[in-house]
Each structure stands twice: as structure tokens, then as C-alpha cells.
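Dear colleague,

Please find below the structure I am handing over to you. My notes on it follow directly after.

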Amino acid sequence: MIPVVARGARLVTTHPHVMANYGRLEINIVRGEGCWLYDESGNAYLDLVAGIAVCALGHAHPRIARAVAEQAATLVHVSNLVHHEPAGMLADRLAELSGFDTVFFCNSGAEANEAAIKLARKHAWRRGEKNRNVILAAHGSFHGRTLGALAATDNPAYHEGFEPLPLGFAHVPFNDVAALDAAIGETTACFLVEPVQGESGIVPATREYLRAARRICDERGALLIFDEVQCGMGRLGRLFAHQLYDVTPDAFTLAKSLANGLPIGALIVRGAAATSLQPGDHGTTFGGSPVPAAAALEHLAIRDVVDIDAQVTTAGQLLTDELAAIARDHGDVFEAPRGIGLMLGLPVREGREAKTFVTRGLDHGVFLNAAGRNTLRFVPPLIISNDEIREAAVRLRATIDATLRS
Ligand SMILES: Cc1ncc(COP(=O)(O)O)c(C=O)c1O
């Protein structure tokens, strides 16, 4: 359904005590429903961002809301000093769906990657390979803002002013098998890689690259770890990105949409590495706490009855077609879209800034996002309907026309 709402003035309440570490848009969002966001004046925005690839089932999903409310009225927090059912059931479910062995829960993507980094090092250490401690990552990667994840992230702008970063991190060109072959050696603890790079502007790995990474890691005794924080949980049209690529890593990380908007992260591990972290090695107070775990369980239960993967494949194709038509009509402004499923990017050519379309989009009732190398990023709720995609294209075209006129 496309909401018809009279457009009122956009009101912005600023709060001077909120730290100014984000360049926020000039808008207050007060409510969401499905693929729509509403501001204080009741203006509706078609959400093509989903809280940065988070609200896979859309906003205010009634089943998720109910699961959260019921869990909140039962048990909100008890810590990892004891077992509790929501986290236990979620770990079992993730193991069943992935075929992996153990799950560590935390609260975010950065923390999931921190756990992966620590796991890779401890795994080598326990095998007596004390010099095998280098975390290899790819150029253009993004793994989070905590110091370990930041050291794995290849973005000098995010490093600036935070040096010295932790030692033992190295980077290789993305999608370059020869460079990987040359880089992985007896000091490599793991190769950490996003199957589809998100923050650098939606750049998919090739299947050949990830297959070669698997082979090289096996040959040299390094772990292969996929960061599926953004591209996992159905965004590519399969529950896990590695399933789409048909390459099985030793471990992978999830966060963002796992609990459809509640904070949770997970490191999921198989084989010998699955028991590398022993009591006392790693932990967090809130990790896998009952409310987010209940939301994640409900998310997975909904996926059992709704074929989200088929929906993503169809919707992704339609959105790709719409973006390709826009790129053709504005060939001097955009390059052809790229991406997989509902993780798409529309690269903006030099001379224009992706961010200007985002700001202008608010005037045309569409919520957009810019990522990395001057790219408009499209990561809408996975439930977006065909009508909503067509409406998004209309609003995007209006946004582009107005931006180019200004
Ligand atoms: C691939 C990837 N890894 C890690 C992160 C960090 O996740 P968080 O912001 O939850 O710490 C992100 C966030 O954008 C991401 O896209």
C-alpha cells in the first residue's frame, strides 16, 4: 500500500547534548510501518535503507513486536552467568540452518568481528602456532569501528587520528586471487572478508575469488572468515551469503538484521575452531540477551512461513531493472547498478555527489543512503513489494531531476 499523506514542513528538534559524531539528516523520524517511515509532521518516506540493512521484515512487524513484548514481560536480562532459553534456542536454530557447530552472541557487527579476530588468534595459539597472528583483510573492507575491527577495516579516513591501531593486520586487493595467494602464509591467522562489500559502495566478491580463498586458506592452515554482517540474513536471496556463493568459511559473523532491529551480533563457527574460545577467553554482559534473541528467533520463524528468499530474488531483479533504466536515462550522472538481491549500488560519476541525492530525496518522500565510493546504496526492507519498488523509482527520478536542476 502506498500511503497518501499531505506534505507538511519537516520539523527538526536538535538536542545539543547528543554527541556530534554523526552527520545526521535534517529530519526527525517518529514512526515506521512496513517499508515506510513517518516524520513529526506525518510526511511519509519510502524507506530504501531499512536502518542500514537492518529491518529486513520492515518496521513495526506485528509478530516481532509481540515476541519482543512477551519476552520483555518474562525476562529481559540475566547475563551469561547462566543458560537461558532464547539464546540457547537461537544458537541451536542458527547451527541447524548453517550446519555450523557453535555460536557466540554479542551486540553488534563490530563486536562480532572482534570476536572473530580473537577466535582466529586463539585458535592458532592453542595449536602451538604462536606466530600465526596476522589478520588479513581486503582493500575497501569495512568491519566496524572498535579498534580491532577498525584495524581490519581498510579506510584511511576512519583510521585518521586513532593511531596507533593494534598490530598484526594486513590488507590485500579485493577480488585478486594472485595477491591473496602471495599474502597468505604461515603467520596468517585468518582471511576476513565480506562476500559483498557494503560500506565501500556495494562491491560483490566473485565466486572464483571466494573459492580460491577457501583453497588457499586450507593449503596454508589459515581460517577463512566471512563478514556477513550486512550481506547475510537473506539480503542476497539466501539466508547466508556463503550459501549463495557455495563456499563454506570456517566462521562467519552476523548482526544488523538478525533480530530485525534489536541489537545483536553473532559469530558462528564450525570444525576445530568452534571450541577455540574457552571459559574466560571472551565475553560480554549483554550478548545474546533474551529480548534480542527472542526477536531473532521470531525473525527466523517468519522466514519458515514466508519465502523471503524468492521475494528478494524477484524484488532485487525489479529494482535492478529500474536502477539500470535510470542509469541509462542519466548516463552522464550514473554508472550501471551493481550488487546482488536487495543489496544494490548505483555509482555516481565524478562531478556529482551521491549525498546530494540523499538530502533531496527527503523532499520527494524517499529515504536514500550514500555509501563509500560515491554510490547510492539500496538496502530496503526485504519485504518491499513490486508496487513499492515502482513507486521508489518514480520518487528517485523526481529526486534526480530536482537535484540536477538545482
Ligand atoms: C560488513 C560490516 N561489518 C561490520 C559492521 C559493523 O557493524 P556495527 O555497526 O553493528 O558495529 C558493518 C556495519 O555497517 C558492516 O557493514
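Strands S2 (residues 36-39) and S3 (residues 44-47) form a hairpin with 4 residues between them, and glycine 42 in the turn has a positive phi of about 90°. Strands here are DSSP E runs of at least two residues, helices are H or I runs of at least four, and both are numbered from the N terminus. S2 and S3 run antiparallel and are joined by 3 bridges; two strands pair if DSSP finds at least two bridges between them. Within this pairing, tyrosine 45 in S3 is the bridge partner of leucine 37.

Leucine 37 in S2 also stands opposite glycine 32. Strand S1 (residues 29-33) runs antiparallel to S2, with 4 bridges between the two. Their hairpin has 2 residues between the strands, and glycine 34 takes a positive phi near 60° there.

The model is predicted: local features require pLDDT of at least 70 and side-chain atom pairs pLDDT 80 or more, while totals for chains, interfaces and linings use all residues. Residues are numbered from 1 along each chain as its sequence is written.

Overall, the protein chain has 13 helices and 17 strands. Its C-alpha atoms fill a box of roughly 65 × 50 × 45 Å along the principal axes. Of the 406 residues, 50% are buried, that is, with 20 or more other C-beta atoms, placed from the backbone, within 10 Å of their own.

Yours sincerely

How values were computed
A residue is buried if 20 or more other C-beta atoms lie within 10 Å of its own, exposed if 12 or fewer, and partly exposed in between; C-beta atoms are placed from the backbone.
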